[in-house]
Amino acid sequence: MSESSFTVMGTSRLGIEPRCQACGAGASLWFSWRHAHERRSPEDLRRISPFEYWRALRRGKLYKCSVCDEVWHLDEDAERMTHVESKRLPLVLDWSREAIVLPAAISDVVQQIGPTPPDVYGNGREHRVAPCAVRTHSGERFDKAMICVQRDAPVKDGLRFRLGSEIAEIAESPFALPRLVREASSRAHEVRMGFSPTLIEMPDGRRFVMNGTTHFFVAPGYAASDARTVAGSYFSEPLSPSFVETLNDVIYFVVDGDPGWVAEPPEITKTNSSLKGWLKKLLGSSPIRRP
Ligand SMILES: [Zn+2]
């Protein structure tokens with residue numbers, strides 16, 4: 001299936017049959033609730049009809065599918081309906097119990113490390129992330145962790161979330177790239193489908209390529225903090241640089257707050273500020289968004 005009956009804006013797992021034909025659970029990760037409500041085509045109405053309000057969170061709401069009883073999350077702005085896998089539901093309910101604020105001593109370290117900005121297409125604007133190492137109150141240690149400041153509940157698919165209130169201590173991660181390198185990776189433009197390269201060089205002269213926004217670098221014999229960006233094109237490198245590996249064991253510690261990416265990612269903001277007033281008005285403040 002998966003060309004599925006859903007043409008509303010959203011994301012589905014390709015080639016996966018939904019467990020429930022009514023809500024799409026199992027295949028559909030999220031869809032645009034706002035778009036479906038505004039357009040109200042027969043298909044949109046069919047898409048939104050099975051959802052029944054279940055309970056409120058600190059921010060946002062939970063719904064259940066009236067057919068299969070699976071849980072879905074609607075954000076505070078009623079933009080996006082996101083499926084909540086049953087194994088993630090306890091975390092979402094825990095998140096909702098009380099505000100999650102970092103002590104000043106920890107926030108100061110996060111500030112020093114600095115966030116990795118959203119990319120030039122606006123991806124990542126929903127949170128502010130900074131790579132770090134974490135020790136939790138229960139004594140667990142994570143060398144590849146993120147402080148993830150966001151307004152809504154931790155429901156985004158593909159990220160491994162814990163609560164920021166579990167953090168006892170944080171420090172720089174031995175695998176985190178320097179701030180300037182991370183910032184450079186976030187400014188990379190897509191030059192081929194799904195390929196947004198930025199070259200880095202290590203002290204021995206070996207080059208690697210980051211694809212899109214990159215926070216960590218793990219390669220035997222190298223320290224992430226030694227990485228430096230270098231000018232040049234991936235395509236004109238005589239020896240194809242190795243890819244910086246994408247990690248799937250990063251733990252995101254979610255913390256309350258406004259991500260603070262006010263209008264656009266830094267690069268676009270900088271350009272706009274030098275534009276004449278009328279041009280600024282014409283271009284508006286909406287970033288380019290990936291479908
Ligand atoms: Zn369902």
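## Strands and hairpins

Two strands count as paired if DSSP finds at least two bridges between them. Helices (H or I, at least four residues) and strands (E, at least two) are DSSP runs, numbered from the N terminus. This is a predicted model, in which local features need pLDDT of at least 70 and side-chain atom pairs count only at pLDDT 80 or more, while totals for chains, interfaces and linings use all residues. Residues are numbered from 1 along each chain as its sequence is written, and side-chain values use heavy atoms, with hydrogens and water left out.

With that settled, let's look at β4 and β5, a hairpin with 5 residues between the strands. Aspartate 69, in the turn, has a positive phi of about 75 degrees. Strand β4 (residues 61-65) runs antiparallel to β5 over 4 bridges, and tyrosine 63 stands opposite tryptophan 72. On its other pairing, β5 meets strand β6 (residues 80-84), again in the antiparallel sense over 4 bridges, with histidine 73 opposite threonine 82. The hairpin of β5 and β6 also has 5 residues between its strands, and here alanine 78 takes a positive phi near 55 degrees.

In a regular strand the side chains alternate between the two faces of the sheet. In β5 (residues 71-74), Val71 and His73 point one way and Trp72 and Leu74 the other, and all are buried (buried is under 20% relative accessible area, exposed over 50%, partly exposed in between, with a 1.4 Å probe and protein chains only).

## The five-stranded sheet

Next comes an open sheet of 5 strands with mixed pairing, in the order β9-β15-β8-β7-β10. Its edges are β9 (160-163) and β10 (167-171); each has a single partner strand, so one side of each is left without a neighbour in the sheet. From one strand to the next, the twist averages 45 degrees.

Within this sheet, β8 (residues 141-150) and β15 (residues 251-256) pair in the parallel sense over 6 bridges, and valine 149 has valine 255 as its bridge partner. Helix α3 (residues 89-97) packs on the sheet, touching β9 and β15 (contact means heavy atoms within 4.5 Å). The direction of α3 makes about 35 degrees with that of β9; axes are lines fitted to C-alpha atoms, for helices over the stretch in contact, and angles run from 0 to 180 degrees between N-to-C directions.

## A buried helix

How many of the 8 residues of α5 are buried? The count is 6, so α5 is largely enclosed by the rest of the structure. These buried residues are Val181, Arg182, Glu183, Ala184, Ser185 and Ser186, and they pack against α4, β7, β11 (197-201), β12 (207-211) and β13 (228-229).

Serine 186 belongs to helix α5 (residues 179-186) and has a relative accessible area of 3%. Not counting residues up to four places away in sequence, serine 186 touches Pro117, Pro118, Asp119, Val120 and Thr213.

## A proline in a loop

Proline 241 sits in the loop between β13 and β14 (242-243) and counts as buried at 5% relative accessibility. Its C-alpha atom is separated by 8.1 Å from that of leucine 199, 42 residues apart along the chain. Leaving aside neighbours within four places in sequence, proline 241 is in contact with Leu199, Arg207, Phe208, Val209 and Tyr234.
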